[in-house]
Amino acid sequence: MSEDAALLQVTRTSCGGRLELVLSGELDNDTLPRAQDEVSAAEAEAPAVLVLDLAALEYVDSCGVRLVLLAQGAADDENRRLAVRLGHGQTRRMFDMLGITDRLEVLDREEPSS
Amino acid sequence: MRYRVLRVNVGADELLDVVPGVLAVTSGDDHALGALSPLGRQVLGAIHLDTPLREALPELADALDTAYRSGKASRVPHEAGHVIRCTPLGVGPGRISGLLLRVAPDDGDRSRARTAGFQQLTEQLSRAATPAEIGRLTTTTAAALIGADSCIAYRRPEGSDVMEALHHHGWPGDTHRLFARVPLQRGRPMSDAVLGRAPVWLEDAGQWHARYPEMAPLGVSEGHQATACLPLLVEDRDLGAVVFSFYQPRSFDTSEREFLMAAAALCAQALDRARLYTAELEARGAAERERDRMAFLAQASRLMEAPLSVEERLRQLGDLVVKGIADWSAVHLVRGTRVERVTVAHLDPAKIAFIEELERRYPPDPEAPGGAIEVARSGVPVVMEDVPDELLVASARDETHLELIRAIGLRSAIVVPLLVRGRSLGALTLVHAESGERFTEADLTFVGQLAATAAVAIDNAALYEQQRTVARTLQTALLPSALPDVPGVECAGRYRPPDPELTDVYVGGDLYDIHEDPERGRWALTVADVCGKGPQAAALTSLIRHTVQAEVRHGFGPADVVRRVNAAMLRQGGSRARFATMVHGALTVDPDGVTITLVNGGHPPGIVLRHAPPESDSGGADVEWLDVPGTLVGVYPDPELVEADVRLAPGDALLLYTDGVTEARGPEGFFGPDRLASLVASFADTSADTVADGVLDAIAGFQDGKLRDDVALLVIRAAP
């Protein structure tokens, strides 16, 4: 458990009705339960907007998609907004490949302006 | 104050015959000589009867007067170590009729000697730690001090009604054996002393016969006359008794009694101290044993978690047991209707060989009752503090067999069932032989814990094996047993589960399949990957496979097949947590090659490896990525799915795979698409099987042979 904790870090910031979770490290089958706990805790506060920032993850597999899809489902059920940051690396490529980037509210959809 | 006055019902002359050391008897306050013994004539001189001794022996006058007036014995120093004692005669104070004069050992010297002896005894007893040592000192030092000829010291074990001899001294031959264990019974001198918590004094054989007529023959059989039985008491604790015996009659007068009782009290206190000391030692020993046992159990638990086969674990457990807690150990397991011994351990391999040879010559009857087999079946433990010879006799087939079993030297054994979830899986047997140690009921808890640890490990291993069998069976059902023969096409499919060391029991969600659609003269091919693993993932995988087969048969084109799979998944699960990616295609063969109409539901892109004709000047293989966009399946009701045609010329190959390939992680990072592309390029113009095996080997090798995620591959190659 402590190893998992070391592999995945989650920091949260809250501003108005917007609660943002920034995930860094590795998100896979081993660390998914911890990430889900963090998301559940955030959802319990029923923020108007919950932001999952996956851009800083060093590794993410389909578990990251599961995390987002579950959070989207919960937000839809409770009429809240879910938004994500995917960055422009592996995470974004995976979401693109799965064909779901267009179905999510992606805050950093456009290429970063240089 | 009690007056020590002899009540005399005999005449003065008779008195001279019965009292040892008597000199004379006087009467009246002038101490007129009433009788004179021969000894008296020697000591006092030839004095005429009726002569007042006050006048005849003026040096005795004060002592005579004192005794007569006070009613208490007085004395006058005589020869070395002796005194002349003047003892009043009569029926009470003021009714003294006369005096008895006798020579007696000087009490003063005796008491000084006794005081010194007492100090010595006290010192020695204070150093004695064990009841046996205290018993020895009581029967030697204390008995000598008292002047006893024989002595036996007993202890009374707490709550027991049988006295156990601690030590004996001065009993001829082995007569003491008669008194080694004495049940307490009223009407016997020692029993009366113990049960009455007061000494019993028997001054001579006459008193023995008068008071204990039944016991007297035994009491005086060795020529003893006097006996003193003293209970060893400290507060309310009965610790034992000491019996002093004397060959001469002995009058236990008050000072004598006080002295014997004081000696007995010293012994009793020493015994009490030893009891506390022993109790403390035992408590400390028990604590140390408990600590050792906890350490042992911890060691056994670690062993039971080691990544070893059940047999190997049990073998190592047996070795551990014989290093620490028993001479022999064995484990029996219930297998179907039989109980089989799976391990036997002893530090000496020759002894194990002996047992194995024994069992070869006399194969144990697994149906025979008794011992480990019985315990394994009944689940009821057995403790044999002593293995009785009758048991060996009963279990022996013949004389030789009996001899051989006896040669093992079984002394003590404990057999506990391997219980888990109310079921007995077998039995653990521990045996003490040459060590001479013994198992008792008290060992049941510890050995039971050890057996429980082993039982849980065996049970887990069995469950694990069962789950693996289920998983393997399930996995097999998810994949085609063999790919069909597609004319003009080479097909190769591969699946490899993750390394068992890296995952729990595994049923993967990866799938590949090819099947014929004879009505339309096509072939359907599928590669899919359900997110997650375990039974739920397997159920979805199965759903995908069978939905594809059904919808293909219904004549749907690839995109509609995937849409129907998507709809089926939504109906089935409805949970966004479970999704899948899949690539599905319809393959048709024509004389110039193969056409595949592909649909991609969020799946990693396929790769086409183009045949490089020898005359081509490109000089190398041509690899193309098949980027067909599409939405993963099982989440959204309206997936975006498009069909794209891929044309394979003879010798061209298509590789479809799951993300276990590109996302394989090794020391060099991710395997990734670039590495995959160049790997595939290196297999130009090789068979479909070669490509599939080559990719699988590369992926495994990249992860040091240990797959983290499962991998499925499908290679379709148009025959060259």
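This is a predicted model: local features need pLDDT of at least 70, side-chain atom pairs count only at pLDDT 80 or more; totals for chains, interfaces and linings use all residues.
Residues are numbered from 1 along each chain as its sequence is written, and chains are lettered from A, with ligands numbered from 1, in the order in which they are written. Local features need pLDDT of at least 70 and side-chain atom pairs count only at pLDDT 80 or more, while totals for chains, interfaces and linings use all residues; side-chain values use heavy atoms, with hydrogens and water left out.

**The contact between the chains**

The size of an interface is often given as the accessible area lost when the parts come together. Between chain B and chain A the buried area is about 1800 Å², where buried area is the accessible area (1.4 Å probe) that two parts lose on being put together, summed over both. Carbon and sulfur atoms give 54% of this area. Chain B brings 24 residues to the contact and chain A brings 23 residues, with contact meaning heavy atoms within 4.5 Å.

Four salt bridges are counted between chain B and chain A. A salt bridge is a side-chain nitrogen of Lys or Arg within 4 Å of a carboxyl oxygen of Asp or Glu. Glu26(A) and Arg665(B) form a salt bridge in which the closest N and O atoms are 3.2 Å apart. The side of chain B that touches chain A has 10 nonpolar, six polar and eight charged residues. In this scheme Ala, Val, Leu, Ile, Met, Phe, Trp, Tyr, Cys and Pro count as nonpolar, Asp, Glu, Lys and Arg as charged, and the others, Gly among them, as polar.

**Salt bridges within the chains**

Over all chains the count comes to 52 salt bridges.

| Residue | Partner | N to O distance |
|---|---|---|
| Asp53(A) | Arg85(A) | 3.8 Å |
| Arg335(B) | Glu311(B) | 2.7 Å |
| Glu340(B) | Arg338(B) | 3.5 Å |

The accessibility terms have set limits: buried means under 20% relative accessible area, exposed over 50%, and partly exposed in between (1.4 Å probe, protein chains only). Asp53(A) is buried at 11%, whereas Arg85(A) is partly exposed at 22%. Arg335(B) is partly exposed at 34%, and Glu311(B) is partly exposed at 39%. This pair links distant parts of the chain, with Arg335(B) in strand E12 (residues 328–335) and Glu311(B) in helix H11 (residues 310–324) of chain B, 24 residues apart. Helices (H or I, at least four residues) and strands (E, at least two) are DSSP runs, numbered from the N terminus.

Glu340(B) has a relative accessible area of 27% and is partly exposed; Arg338(B) is partly exposed at 39%. Salt bridges that share partners join Arg18(A), Glu20(A), Asp53(A) and Arg85(A) into one network.

**Two loop residues of chain A**

Most residues other than glycine have a negative phi. Ala46(A) is not a glycine, yet its phi is positive, at about 45 degrees. Ala46(A) sits in the loop between helix H2 (32–44) and strand E3 (49–53) of chain A. Asn79(A) also has a positive phi, near 55 degrees. Asn79(A) belongs to the loop between helix H3 (62–77) and strand E5 (81–85) of chain A, and is exposed at 74% relative accessible area.

**Buried residues of chain B**

Arg717(B) lies in strand E28 (residues 711–718) of chain B and is buried, with a relative accessible area of 5%. Its side chain reaches the backbone oxygen of Gly651(B) at 3.4 Å. Not counting residues up to four places away in sequence, Arg717(B) touches several residues, among them Glu490(B), Asp652(B) and Asp685(B).

Ala128(B) is in the loop between helix H5 (107–127) and helix H6 (131–146) of chain B and is buried at 8%. Beyond four places in sequence, Ala128(B) touches Glu133(B), Ile134(B) and Leu137(B). The C-alpha atoms of Ala128(B) and Arg273(B) are 9.4 Å apart, although 145 residues separate them along the chain.

**Cysteines**

Zero disulfides are found over all chains, a disulfide being a pair of cysteine sulfur atoms within 2.5 Å. The cysteine sulfur closest to that of Cys267(B) is in Cys151(B), 8.0 Å away and therefore too far for a bond. Cys267(B) is buried, with a relative accessible area of 1%, whereas Cys15(A) is exposed at 59%.

Notes
A polar contact is a pair of N or O atoms within 3.5 Å; within protein, one must be able to donate a hydrogen and the other to accept it, and residues adjacent in sequence count only if both atoms are side-chain atoms.
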